[in-house]
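I have the notebook open and the viewer running. These entries go from the terms to the whole chain, then to single residues.

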Amino acid sequence: MIDDSAFRDARPIDRLLAVMARLRDKERGCPWDVAQDFATIAPYTVEEAYEVADAIDRRDFAGLREELGDLLLQIAFHARMAEEEGRFDFDDVAETIVAKMIRRHPHVFGDIDAADEAAVHANWERIKAEERAAKGAKSGSEDNGALAGVARALPALVRAEKLQKRASRVGFDWGAPAPILDKIAEEIGELRAELPIADKARLSDELGDVLFAVVNLARHLGIDPETALHGTNAKFERRFGEVERRLRVDGRKPEDSSLEEMEALWQAAKEAERTSAM
């Protein structure tokens, strides 16, 4: 057991770091925690970030407090492993983000003027570009182009939007939504042409082009594609749940019904939503 008396009056963050150090202790810690490394913990870090977002979406603030703690534990875990390897520690992580926030907000901590949100965004992007260039020069990497630094581990929709935004900054972009709709139709036509061939690799390639073009349209409409799809997922769950409910009234399940019957119930659920929204 950790000697609680030594930490009773300590800040909660210090207690957390002490707990994490004990869990990683090779002699007295937890065998599972000791066995982990950066790669094995990374999926949990991503999962906890999504659970934070889910709690926010549900406006579950008691849950949010807990989920933020779970995410903070992930940061402490990674920092502890780095400290064990002599790379950096938790304080270094905190100091790095403090320095970054001060550097990227010269209109708050310096003498740069930013009259509105657009000016703030322009300053932010300029500073980020300078940081990327400096990082590339320091590492000797030649990969300092417009698309450099967009994390490959991002969800595909999010990464597609970020890549498109980067390309847009150097003028490689559609000027309006209308031609993107034409591009989507073109990509769907190319996908349709591949259907008789049924080559999975080619179908995957063409479907990816369709999705990329749809993300581009969302960007030009000022809509977050991840949020839009999240809303559609919720709508699908809600309407399909209503189909199941109506079937249960008749003592049936979806697998006992025809597609035509379920489609009719789906349309009824859809119409009921429209009526209640009026």
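**Terms first.** I call a residue buried when its relative accessible area is under 20%, exposed when it is over 50%, and partly exposed in between, using a 1.4 Å probe and protein chains only. With that in hand I looked up V108, which counts as exposed at 52% relative accessibility.

**Ground rules.** I am working on a predicted model, where local features need pLDDT of at least 70, side-chain atom pairs count only at pLDDT 80 or more, and totals for chains, interfaces and linings use all residues. Residues are numbered from 1 along each chain as its sequence is written, and side-chain values use heavy atoms, with hydrogens and water left out.

**Whole chain.** I get 12 helices and zero strands for the protein chain. My elements are DSSP runs numbered from the N terminus: helices are H or I with at least four residues, strands are E with at least two. Read along the sequence, the pattern is α-α-α-α-α-α-α-α-α-α-α-α.

The C-alpha trace spans about 70 × 55 × 45 Å along its principal axes.

How much of the protein chain counts as buried? I find 23% of the 278 residues. The accessible surface comes to about 19,100 Å², and 58% of that belongs to carbon and sulfur atoms. Those areas come from the Shrake-Rupley method with a 1.4 Å probe, and for residues only the protein chains shown count as cover.

For contacts I use heavy atoms within 4.5 Å. Among contacts with a separation of 6 or more in the protein chain, residues 24 or more positions apart account for 47%.

I also looked at charges, counting Lys and Arg as positive and Asp and Glu as negative, without His or the chain ends. Each charge is placed at NZ of Lys, CZ of Arg, CG of Asp or CD of Glu. There are 41 positive and 57 negative charges in the protein chain, and their mean positions are 1 Å apart.

**Cores.** A nonpolar core here is a set of buried Ala, Val, Leu, Ile, Met, Phe, Trp, Tyr and Cys residues joined through side-chain atoms within 4.5 Å. Which residues make up the largest nonpolar core? I find six: L16, M20, I41, A76, F77 and M81. The elements giving two or more residues to this core are α1 (12-23) and α4 (61-84), and α4 has the largest share, with three residues. Apart from this core lies another of five residues, among them V243, L247, M262 and W266. In soluble globular proteins, nonpolar side chains tend to be buried together.

I clicked on I41 for its partners. Not counting residues up to four places away in sequence, I41 touches W32, Q36, Q74, F77, H78 and M81.

**I180.** Is I180 buried or exposed? I180 counts as buried, at 0% relative accessibility, and this residue is found in helix α9. Leaving out residues up to four places away in sequence, I180 touches W174, A213, N216, L217 and H220. I180 and N216 are 36 residues apart in sequence, and their C-alpha atoms are 7.3 Å apart in space.

**Positive phi.** Two non-glycine residues went on my list. R59 has a phi near 55° and lies in the loop between α3 (38-57) and α4; R59 is exposed, with a relative accessible area of 60%. A198 has a phi of about 60° and lies in the loop between α9 (177-194) and α10 (200-220). At 49% relative accessibility, A198 counts as partly exposed.

**Other stops.** S168 sits in helix α8 (residues 156-169) and is partly exposed at 27%. Beyond residues up to four places away, S168 touches D173 and R219. The C-alpha atoms of S168 and A156, 12 residues apart along the chain, are separated by 18 Å.

D57 belongs to helix α3 and is partly exposed at 47%. I noted 21 Å between the C-alpha atoms of D57 and R159, which are 102 residues apart in sequence.

Back to V108: its place is in helix α6 (residues 106-109). From V108 to D91, 17 residues apart along the chain, the C-alpha separation is 23 Å.
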